[in-house]
Protein chains: 2
Amino acid sequence: MGGMPVLPEPPYWAVIFTSRRNEQPGDGYEETAARMFDLAREQPGFLGYDTARSDGLGVTVCYWESEESIAAWKAQAEHAAAQREGRARWYDVYDLKVARVERAYGHTREP
Amino acid sequence: MGGMPVLPEPPYWAVIFTSRRNEQPGDGYEETAARMFDLAREQPGFLGYDTARSDGLGVTVCYWESEESIAAWKAQAEHAAAQREGRARWYDVYDLKVARVERAYGHTREP
């Protein structure tokens with residue numbers, strides 16, 4: 001799974017996707033989610049992602065070079081079909097925010 | 001815990017905090033994290049947060065009215081002390097990004 005990708009200096013873009021879903025084993029969600037991350041990696045302008053899920057809440061942040069790369073991913077055919085499935089079956093509720101990352105810093109503990 | 005807060009129309013600001021930590025029961029992390037969310041709620045300009053942790057990766061997004069409210073929270077004395085503890089003890093690595101939310105939309109499934 002993704003997490004803590006190495007990213008360029010800002011500015012770049014973040015898509016913040018939060019969701020609650022009914023967890024139904026065998027409903028195809030996990031396979032589709034994994035396929036979407038694989039597909040996203042092949043998209044122009046994709047920079048990486050962070051994702052976690054606990055207490056029924058999923059928080060996924062995908063990073064992109066530009067608004068144009070986000071728009072192209074939203075319209076990608078297989079992804080568009082997955083979005084429709086998500087609305088119809090998997091997600092009780094979700095929110096999506098598009099944000100411009102203005103600054104970033106990190107910390108790694110010294111051994 | 002937080003999740004899916006009701007937010008105003010954009011623009012507003014998001015602080016995206018991703019982390020990996022050594023999970024040591026009894027190290028005070030959980031208590032401090034809960035206290036920081038309580039404190040943040042009292043800060044001017046705080047709008048809400050989403051947080052999840054799985055596979056060792058924590059993804060927390062806090063929403064704020066303005067960059068000034070983010071700066072004030074960063075400097076808040078008890079929070080500043082917790083940041084020092086985090087760097088010294090709890091987090092192996094973290095990344096923090098400050099982003100301006102430009103647009104947002106959501107979906108709730110019809111019953």
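How many residue pairs are in polar contact between chain B and chain A? The count is 21, with both residues at pLDDT 80 or more. A polar contact here is a pair of N or O atoms within 3.5 Å; within protein, one must be able to donate a hydrogen and the other to accept it, and residues adjacent in sequence count only if both atoms are side-chain atoms.

The model is predicted: local features need pLDDT of at least 70 and side-chain atom pairs count only at pLDDT 80 or more, while totals for chains, interfaces and linings use all residues. Residues are numbered from 1 along each chain as its sequence is written, chains are lettered from A and ligands numbered from 1 in the order in which they are written, and side-chain values use heavy atoms, with hydrogens and water left out.

Several elements of chain B build the side that touches chain A. β1 (12-21), β2 (46-54), β3 (57-64), α2 (67-75), α3 (77-90) and β4 (91-108) of chain B each supply at least two residues. Helices (H or I, at least four residues) and strands (E, at least two) are DSSP runs, numbered from the N terminus. β4(B) gives the largest share of this side, 18 residues.

In total, 48 residues of chain B are in contact (heavy atoms within 4.5 Å) with 48 residues of chain A. The size of an interface is often given as the accessible area lost when the parts come together. Between chain B and chain A, the buried area is about 4,100 Å². This is the accessible area (1.4 Å probe) that two parts lose on being put together, summed over both. Carbon and sulfur atoms give 55% of the buried area. Met4(B), Tyr105(B) and Arg109(B) supply 19% of the area that chain B buries against chain A, more than any other three residues.

The rule finds four salt bridges across the interface of chain B and chain A. A salt bridge is a side-chain nitrogen of Lys or Arg within 4 Å of a carboxyl oxygen of Asp or Glu. Glu67(B) and Arg103(A) form a salt bridge through their side chains, at 2.7 Å from N to O.

Within chain A, helix α3 (residues 77-90) has 14 residues. From first C-alpha to last, α3(A) reaches 19 Å, close to the 20 Å expected at 1.5 Å a residue. The expected span is 1.5 Å times one less than the number of residues. His79(A), Ala80(A), Ala82(A), Gln83(A), Gly86(A) and Trp90(A) are the buried residues of α3(A). They cover an arc of only 160° around the axis, which puts them on the same side of α3(A). The arc is that of the directions from the helix axis to the C-beta atoms. Ala77(A) and Arg84(A), on the other side, are exposed. Buried means under 20% relative accessible area, exposed over 50%, partly exposed in between (1.4 Å probe, protein chains only). The buried residues of α3(A) pack against β1 (12-21), α1 (29-41), α2 (67-75) and β4 (91-108) of chain A. At the start of α3(A), a side-chain oxygen of Gln76(A) comes within 2.9 Å of the backbone nitrogen of Glu78(A).

Backbone geometry was examined next. Most residues other than glycine have a negative phi, and most peptide bonds are trans. A cis peptide bond joins Pro10(A) and Pro11(A), with omega about 5°. Pro11(A) lies in the segment before β1 of chain A. In chain B, Pro10(B) and Pro11(B) are joined by a cis peptide bond, with omega about 5°. Asp55(A) has a positive phi, near 50°. Asp55(A) sits in the loop between β2 (46-54) and β3 (57-64) of chain A and is exposed, at 68% relative accessible area.
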